[in-house]
Amino acid sequence: MGTTRPRADTVFVGGRVFTATSPAPIDAAVAIRDGRILTVADEHAVRELVDADTEVVDLAGGLLIPGFQDAHVHPAVAGVQMGRCDLAGQRSVDGYLAVIAAYADAHPDADWICGGGWSMDVFPGGIPTRAMLDAVVPDRPVLLTNRDGHGAWVNSLALTLAGVDRDTPDPADGRIEREPDGTPGGTLQEGAMDLVGDHVPTATPDEALTGLLVAQRHLHGLGVTAWQDAMIGVFPGNPDNFDVYLRAARDGSLTARVVGALWWDRERGLEQIPDLVERRRTGCVGRFAATTVKIMQDGIAENFTAGMLEPYLNRCGCATANSGLSFVDPALLAEAVRELDRLAFQIHFHALGDRAVREALDALAAARAANGRNDNRHHLAHLQVVHPDDLPRFAALEAAANIQALWAAHEPQMDDLTIPFLGPERAALQYPFGDLARAGARLVAGSDWSVSSPDPLWGIHVAVNRTVPHDAPNAPADRAPRKPFLPEQALTLAQALTAYTAGSAWVNHLDDVTGTVEAGKYADLVVLDRDPFAGPPEEIAATRVRRTYVEGRPVFIAGD
């Protein structure tokens, strides 16, 4: 007697497949059944699995790939911002002020005007002023966060209501930008944001859930099927997104797979670890798993808070007395990492400057010495400046390099607010993706949205070309082509695409079920409208997502 041939629920034919298990696409078709990949085989064999109920998806010369996984993103916060005064679509002071004025007019009952998305490079010296906001909203307090989340723009009324004046000292973890007489000028850096932010009304639970689902829909439209939320906790203007994710996971509206990185409170010490353990115990529901701890070790280079081994320069090229911040004392960091590692937490570091990178790696080395090897899969995000001596330590410590590739290009924030203050020698060490790969580091990838675009294909374009797509939000305003930024650090298309799929699946502890196109894995898949391997590298960013599937179910179809 013959065996019954399995029927496929969906088959993908008429294109090629990038499996993320090898560096080049293969000529194959894919069949899925019951939410999993049934087979990857030649098209004739796959068509044998088709019957009257099978959906046949014609790739039309496009490429089938694993679902993108964003290893460092903030969708719960980004979604709330999208529903507030969202400045992300503007690139000029006048554009920002017009949006703010229109939003205030449209929301006359709002006690505060809140939102964000402004870019430092639009303002002289990267610093907007309270007077600009006072001109359009003089009668209500305003707080608008920078697109990178490391600064806030406030008006005079917000400062007055918060009691922030010329006698208010800078907090240890931040800075108040001031006018010549010491009066706060309207920009609050890093921890100074909380001086006003603590007074901002919090979004309602329903508003926060709506924001998360709006963000999820946007990410699915870009082919993202899983992510690591790099900031799970309570933040000014936002409720605890831990509860938001649990609500979405319980009611089934969370269709993505999400790892939550629990926020390490830098105002506390080791005494917070039991709280993190309890959050992990209660925070694994459905497709959400709060199994990671996020430690922000430094700030950003543009406001001189990224932790550097050597001081920043001033505009004249002379060394200053400032080498940035270490938000967590290195001795405490080593203790905390050792204990978190012992408790089997994954640790997700924000480490942007070379000193912060070294402090994070030193802490991991101490944990390795104390606890031995394990499968916790720690990772360092951003990695703007990495000292050459530290490149091989990633592989040695099995720490993943979590890259945000869209930033590795000549654009105004880089050229005007970063390179002059780092100096040529240190500027040449930025975003060393190629060196990390050559040193054996495991590459994973993320966007840091809403800091920058969540489009993985734009990030991949920059990783390969080291230039910004002309229509990206951080492209120069004149859209004129720029020379590649440190092109020796470019990745191949296969390396970049693998980082955004199999690499991020590994760091999310999802590699046993997702991240590659292989029989038995979940059918978390993306259909691209073309095969970017078949075209010139400078056209990668023109690629579009046609369909996104999670467990074989379409969560995005272009045009629907």
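## Close-up views of a predicted model

**View 1. Helices H10 and H11 make a right-handed crossing.** Right-handed here has the near helix turned clockwise from the far one by less than a right angle, and left-handed anticlockwise. Helices (H or I, at least four residues) and strands (E, at least two) are DSSP runs, numbered from the N terminus. This is a predicted model, in which local features need pLDDT of at least 70 and side-chain atom pairs count only at pLDDT 80 or more, while totals for chains, interfaces and linings use all residues. Residues are numbered from 1 along each chain as its sequence is written, and side-chain values use heavy atoms, with hydrogens and water left out. The axes of H10 (residues 330–342) and H11 (residues 354–371) come within 8 Å and cross at roughly 45 degrees, which makes H10 oblique to H11. Axes are lines fitted to C-alpha atoms, for helices over the stretch in contact, with angles from 0 to 180 degrees between N-to-C directions; under 35 degrees is roughly parallel, over 145 roughly antiparallel, 65 to 115 roughly perpendicular, and the rest oblique. On the H10 side, the contacts (heavy atoms within 4.5 Å) involve Pro330, Leu333, Ala334, Val337, Arg338, Asp341 and Arg342. Their partners in H11 are Glu359, Ala360, Ala363, Leu364, Ala366, Ala367, Ala370 and Asn371.

**View 2. Six strands line up in an open sheet.** Read across, the order is E9-E10-E11-E12-E14-E13, and the pairing is mixed; two strands pair if DSSP finds at least two bridges between them. E9 (85–86) and E13 (174–178) sit at the edges with a single partner strand each, so one side of each has no neighbour in the sheet. E12 (residues 151–154) and E14 (residues 184–190) pair antiparallel over three bridges, with Ala152 opposite Leu188 in E14. Also in E14 is Glu190, which has a positive phi of about 50 degrees despite not being a glycine. Glu190 is buried at 3% relative accessibility (buried is under 20% relative accessible area, exposed over 50%, partly exposed in between; 1.4 Å probe, protein chains only). Over in E11 (residues 142–146) you'll find Asn146, buried at 3% relative accessibility. Neighbours within four places in sequence aside, Asn146 touches Gly117, Trp118, Ser119, Met120 and Gly151.

**View 3. Helix H2 is mostly covered.** H2 spans residues 75–82, and seven of its eight residues are buried. Those are Pro75, Ala76, Val77, Ala78, Gly79, Val80 and Gln81.

**View 4. Strands E24 and E25 form a hairpin.** E24 (residues 545–550) runs antiparallel to E25 (residues 553–557), with four bridges joining them. Two residues lie between the strands, and Glu551 has a positive phi near 50 degrees.

View 5. Most residues other than glycine have a negative phi, and most peptide bonds are trans. Asp34 isn't a glycine, yet its phi is positive, at about 55 degrees. Asp34 sits in the loop between E4 (29–33) and E5 (36–41) and is exposed, at 63% relative accessibility. Elsewhere, the peptide bond from Trp449 to Ser450 is cis, with omega near 15 degrees. Ser450 belongs to the loop between E22 (443–445) and H17 (456–465).

View 6. The structure has zero disulfides (a disulfide being a pair of cysteine sulfur atoms within 2.5 Å). Cys316 is exposed at 70% relative accessibility, whereas Cys318 is partly exposed at 43%.
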